[in-house]
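Student: I am new to this structure. Please show me how to read its features, one at a time.

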Protein chains: 2
Amino acid sequence: MNDGEIKYKNYLHSKGQKFTPERQIILKEVLALAHHFDVDELYERLRRKGHRVSRATIYRTLPSLVENKIIKEAVRCQDNITKYEYIFGHDHHDHIVCIKCGKIYEFKNEQIEKLQEITCKGYKFKPVEHRLGIRGYCQKCRRG
Amino acid sequence: MNDGEIKYKNYLHSKGQKFTPERQIILKEVLALAHHFDVDELYERLRRKGHRVSRATIYRTLPSLVENKIIKEAVRCQDNITKYEYIFGHDHHDHIVCIKCGKIYEFKNEQIEKLQEITCKGYKFKPVEHRLGIRGYCQKCRRG
DNA sequence: TATCTAATTGTAATTCAGTCTCAATTGCAA
DNA sequence: TTGCAATTGAGACTGAATTACAATTAGATA
């Protein structure tokens with residue numbers, strides 16, 4: 001078992017819940033995904049690999065992975081699908097999202113991060129996390 | 001007609017669209033709302049005032065008000081309803097939210113805004129709106 | 001002012017992500 | 001090994017949001 005699996009198993013145990021094969025399969029795949037994903041993508045990937053985990057189980061498992069901070073809900077995208085994003089062991093980054101086609105750019109700007117810290121200091125506020133999402137039109141869609 | 005209505009009418013005109021009574025009614029109500037709202041709240045308010053605008057029309061109008069920067073989609077809330085927030089005539093601001101006591105500081109940092117614009121330019125992306133929320137502990141709560 | 005036409009509207013049907021029910025199954029503690 | 005609460009899959013259900021379509025209308029033009 002890798003770090004993520006141990007973390008999740010302990011988390012489930014602490015809540016009197018079980019580390020089932022289905023949950024392990026889902027977690028494994030989520031940890032293998034480098035980027036954003038939604039329930040359907042995850043379902044199809046598992047299916048292609050021969051794992052028969054139902055959509056219902058995926059829908060039930062992802063929120064608990066969110067609570068365990070292994071993934072988080074990503075920015076709202078164009079269609080109203082909930083997208084998730086791997087965070088366990090990954091660096092923080094912000095998002096630029098196209099309203100029209102749903103394309104997502106990830107970026108990180110150290111100056112912005114720094115300015116946020118300075119702002120927080122001004123309020124004597126201790127930041128834990130932040131989320132910055134810019135929405136608009138990508139190069140292709142701004143023409144349409 | 002007030003500023004908002006003129007702005008919207010011009011916007012519609014520029015796209016070859018019409019400033020219909022329904023759109024005017026919706027806009028008027030939106031401008032009268034000081035805070036967050038969703039489609040159903042808006043529909044009920046209009047209904048109580050005797051306006052018979054269909055939900056479909058509201059669903060069709062709000063996105064164009066978003067594009068015209070009169071409102072914006074608010075943060076995703078718990079239930080998956082799309083919430084909107086009045087912005088026209090209000091200054092844009094970002095949020096610092098205390099995880100513990102819920103206190104909200106509003107702030108705006110021109111340098112951060114500028115850096116976002118530069119970042120978008122780098123991606124040839126046309127920003128429509130952005131959302132920055134910092135979560136953590138306020139001065140009082142960080143001690144606790 | 002009357003005419004014309006593309007845009008718009010309301011209704012109702014449809015879509016579809018997400019949730020829920022329930023019977024069957026299973027992890028795991030004792 | 002047993003007992004049972006937690007879990008699963010299948011499929012029914014929910015409800016926000018979208019769409020088709022026929023009727024209506026805003027607004028440009030003459």
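Student: Which residues touch the most other members of the largest nonpolar core?

Tutor: In soluble globular proteins, nonpolar side chains tend to be buried together. A nonpolar core is a set of buried Ala, Val, Leu, Ile, Met, Phe, Trp, Tyr and Cys residues joined through side-chain atoms within 4.5 Å. Buried means under 20% relative accessible area, exposed over 50%, partly exposed in between, with a 1.4 Å probe and protein chains only. In this predicted model, the largest core has 26 residues, and A:I96, A:F125, B:I96, B:F125 and B:I134 touch the most other members. Two or more residues come from each of β4, β5, α5 and β6 of chain A and β4, β5, α5 and β6 of chain B. Another core lies apart from it, with 23 residues, including B:F19 and B:L46.

Student: How should I read those numbers and letters?

Tutor: Residues are numbered from 1 along each chain as its sequence is written, chains are lettered from A and ligands numbered from 1 in the order in which they are written. The model is predicted, local features need pLDDT of at least 70, side-chain atom pairs count only at pLDDT 80 or more, totals for chains, interfaces and linings use all residues, and side-chain values use heavy atoms, with hydrogens and water left out.

Student: What does A:F125 contact?

Tutor: Contact means heavy atoms within 4.5 Å. Leaving aside neighbours within four places in sequence, A:F125 contacts A:C120 and a set of chain B residues, among them B:I96, B:Y105 and B:I134.

Student: In what order do the strands of the sheet run?

Tutor: Strands of a sheet pair through backbone hydrogen bonds, either parallel or antiparallel. Helices (H or I, at least four residues) and strands (E, at least two) are DSSP runs, numbered from the N terminus. Two strands pair if DSSP finds at least two bridges between them. Here 6 strands form an open, mixed sheet: β5(A)-β4(A)-β6(A)-β6(B)-β4(B)-β5(B). The edges are β5 (104–107) of chain A and β5 (104–107) of chain B, each pairing on one side only. Within chain B, β4 (94–98) and β6 (126–137) run parallel, joined by 4 bridges. B:I96 stands opposite B:I134 of β6(B).

Student: Is B:C138 buried or exposed?

Tutor: B:C138 counts as buried because its relative accessibility is 3%. A:C120 is also buried, at 1%.
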